[in-house]
Every structure is written in structure tokens, then in C-alpha cells.
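Look at the sequence and the structure below, then read on.

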Amino acid sequence: MHEKYNKEILDLIRSMQNIDYINPEDIPDIDLYMDQVTTFMDEHLKSSKRFDDDKILTKTMINNYTKNNLLPPPDKKKYTKEHMLLLIFIYYFKNFLAINDIKSVLEPISDKFFQADDGRNLDSLYKEIVSLELDNVDSQLRDIIRKLKKSNETYADVEDPEEKNILSKFAFICMLSFDVWVKKTIIENIIDDTLGKKK
């Protein structure tokens with residue numbers, strides 16, 4: 001049972017090496033209506049859904065992002081490629097950051113680079129970020145494998161296979177969770193320091 005669990009986790013880790021992301025060249029250079037935006041996102045980010053009926057982005061979500069100033073308003077109900085790039089960042093950030101925090105992160109980016117005519121723009125910024133993340137995948141996966149090994153070693157002396165499996169799995173989840181918590185806390189502190197909330 002424990003070996004099966006480890007194999008499933010290792011298979012999952014290996015599959016993460018082929019993480020889906022939206023290539024900037026795949027985003028249409030023509031402006032899109034809301035329905036076209038949601039369809040595009042659904043098609044290109046479907047592998048990141050946990051359950052089949054999960055929604056990537058809905059009209060209501062996009063309208064709320066605009067209302068809360070996370071996303072510049074569309075021009076004549078049409079969204080540009082730059083709107084799409086911001087929506088991709090919002091999609092990933094919303095999994096672990098509050099809306100106000102996402103706004104704090106994206107506002108200076110939007111102000112400076114949305115529809116920038118010369119130099120760095122959202123398209124080049126997105127490409128640079130994707131490149132940084134892809135370069136980091138292998139080290140992230142090695143760290144996850146190290147945590148899996150450590151969680152197995154911690155309970156190696158437990159004789160009952162079911163108990164060993166429960167304890168190892170719990171330790172592994174806790175190690176990953178602590179990692180997420182530390183990174184989220186660092187992000188929140190950076191945001192708070194930028195906003196001057198901390199004294």
C-alpha cells in the first residue's frame with residue numbers, strides 16, 4: 001500500500017515537469033469579447049482544474065476584477081492581449097492571495113506596462129516570468145522528492161502498513177503546507193512593506 005502511494009506521488013511529480021502554461025504566441029493579437037476570453041482560458045488552462053466542473057474564469061469574475069481595479073476596463077467590451085496576460089496572472093495569484101493583495105501586486109505593473117509603446121511591455125514581462133518559472137521547475141520538483149523521502153524515513157520503523165501510510169502521508173502534506181505557508185507569508189510581508197502597512 002505504501003509503495004503504491006509513493007509511486008502515485010512520484011508519477012504526479014513527474015507529470016509536473018510538463019506543466020501547462022499559456023504561451024504568449026497562443027494569445028490572439030485581435031481584441032476579444034468576454035465569451036471569447038472565457039472560452040480561450042477554459043481551453044488553455046483546463047489541465048490546471050482540480051475537478052472537471054471547476055471554472056477557470058467566469059464573466060462575473062472578470063467583471064469583479066475590473067470593478068475592483070485589478071484589470072483595466074475593456075475598450076468597447078473588447079479585451080486586448082494585455083488584458084489576457086493580466087487575467088493569467090490573476091488566475092494563478094487568486095489561489096493563494098486575497099483580492100486586495102493581488103491588486104497591490106498588479107497595480108504598479110498595470111500602471112507602468114499596460115499598453116506601453118516602447119521598451120518593456122506586458123508581453124515581454126510575461127515571457128520573462130514564464131522563463132524564470134520554467135527554469136525553476138526542476139529544483140522545485142527535487143525539493144518535493146526530498147520532502148517525500150524525508151516523510152517516509154520519519155516513519156520507517158512503523159510496522160503496521162496502514163498506520164505507516166497515514167503517518168507518512170500526513171508528514172508529507174505538512175511539509176508541503178509549511179513550505180506554502182512560508183512563501184505566502186513572505187509574499188504578504190513584501191506587499192505590506194510596499195504599501196507601508198507595517199511600522
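In this predicted model, Tyr21 is found in the loop that runs between helix 1 (2-15) and strand 1 (32-33). With a relative accessible area of 35%, Tyr21 is partly exposed, because that class covers values between 20% and 50%. Tyr21 also belongs to a nonpolar patch on the surface, together with Tyr92 and Leu134. The accessible area of these three residues together is about 260 Å².

A patch of another kind involves charge. Asp157, Glu159, Asp160, Glu162 and Glu163 gather on the surface as a patch of negative charge. One of them, Glu162, is part of helix 7, which spans residues 161-195. The relative accessibility of Glu162 is 49%, so Glu162 counts as partly exposed.

Pro74 sits in a further loop, between helix 3 (59-67) and strand 2 (78-79). Its relative accessible area of 27% makes Pro74 partly exposed. Which residues is Pro74 in contact with, leaving aside its neighbours within four places in sequence? They are Thr66, Tyr79 and His83. Pro74 can also be placed relative to Asn63: the two are eleven residues apart in sequence, and their C-alpha atoms are 9.9 Å apart in space.

| Residue | Relative accessible area | Class |
|---|---|---|
| Tyr21 | 35% | partly exposed |
| Glu162 | 49% | partly exposed |
| Pro74 | 27% | partly exposed |

Technical notes:
Residues are numbered from 1 along each chain as its sequence is written. This is a predicted model: local features need pLDDT of at least 70, side-chain atom pairs count only at pLDDT 80 or more; totals for chains, interfaces and linings use all residues. Side-chain values use heavy atoms; hydrogens and water are left out. Patches are made of residues with over 30% relative accessible area and no salt bridge: like charges are joined within 9 Å, nonpolar side chains (Val, Leu, Ile, Met, Phe, Trp, Tyr) within 5 Å. Accessible areas come from the Shrake-Rupley method with a 1.4 Å probe; for residues, only the protein chains shown count as cover. A salt bridge is a side-chain nitrogen of Lys or Arg within 4 Å of a carboxyl oxygen of Asp or Glu. Lys and Arg count as positive and Asp and Glu as negative; His and the chain ends are not counted. The place of a charge is taken as NZ of Lys, CZ of Arg, CG of Asp or CD of Glu. Helices (H or I, at least four residues) and strands (E, at least two) are DSSP runs, numbered from the N terminus. Buried means under 20% relative accessible area, exposed over 50%, partly exposed in between (1.4 Å probe, protein chains only). Contact means heavy atoms within 4.5 Å.
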